[in-house]
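Open the model in your viewer and keep the selection tool ready.

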Amino acid sequence: MGYMTVEEHSSMVLHLKRSPGIRSWSLLVGIVSVGLAAAYYSSDSIAWKLFYVTGCLFVAMQNMEEWEEAVFDKTKNLIELRTFSLYAMILTLWSKGQEKVVLDLTHLRDVCVQEERVRYVGKGYLLILRLATGFSHPLTQGATLGGRSDVEAIAVLVKRFLGLEQLQHLWQQEEAEYEEEEEADSLDESSDLEEEAGEL
């Protein structure tokens, strides 16, 4: 499974989606199978058998990855990051389980790949959105195990869609011009002070 799949890609909207991978579904089937086997081969009452199955089902759902979406919308100048957790939905009886984060697209300054340690399995990679406010936010809640190339491909796609490389070049030029103006102003001030001191 790749990092994220492209649902929609137009000149104004980029919609990325991520679903639980084969590892999550395998884990779900494996843990539920343990519960079913315990219930089938146990000589306990029906209540205990039901407890084995539901307990294993909850443990399996807790270890599942979440469904995640990212929508970059140039018309609204917004980035919407949505997360849907099956475990949280069932646990809260459908009152919660879906989270939504909205970021201002005009504040986005950079998109980069970050390495993250994943408990028990090694290294994973995820995409980080860096904002002008100094705030950073991950594109997804979970890192992708394995190769970095899938995450880098999404980073390149997002940068190309938003034109971040051209904007970064423009911002660097503006910063350089601003620094030159500040230096010129400070030189003018120092020369004015020297002239005033010479007149005294």
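How many nonpolar, polar and charged residues are in the lining of the largest pocket? The lining has 14 nonpolar, nine polar and nine charged residues (Ala, Val, Leu, Ile, Met, Phe, Trp, Tyr, Cys and Pro count as nonpolar, Asp, Glu, Lys and Arg as charged, the others, Gly among them, as polar).

This is a predicted model: local features need pLDDT of at least 70, side-chain atom pairs pLDDT 80 or more, while totals for chains, interfaces and linings use all residues. Numbering runs from 1 along each chain as its sequence is written, and side-chain values use heavy atoms, without hydrogens and water.

Stay at the pocket. Its space is about 880 Å³. Select Arg23, Asn63, Glu65, Val118 and Ala143, the closest to its centre of the 32 lining residues. (A pocket is an open set of points on a 1 Å grid over the protein atoms alone, where a 1.4 Å probe fits, with protein on both sides within 12 Å along at least five of seven lines; lining residues have an atom within 4 Å of a point.)

Next, select helices H1 (22-41) and H2 (46-62). Their axes come within 8 Å and cross at roughly 170° (lines fitted to C-alpha atoms over the stretch in contact, angles from 0 to 180 degrees between N-to-C directions). The two are therefore roughly antiparallel (over 145 degrees). Show side chains: Leu27 and Ile31 are among the H1 residues that meet H2, whose partners include Tyr52 and Cys56 (heavy atoms within 4.5 Å).

Finish at strands S1 (5-9) and S2 (13-18), antiparallel and joined by four bridges. Select Thr5 and its bridge partner, Lys17.

Notes: Angles under 35 degrees count as roughly parallel, over 145 as roughly antiparallel, 65 to 115 as roughly perpendicular and the rest as oblique. Grid points are joined across faces, edges and corners, and a volume is the space filled by probe spheres set on the points. Two strands pair if DSSP finds at least two bridges between them.
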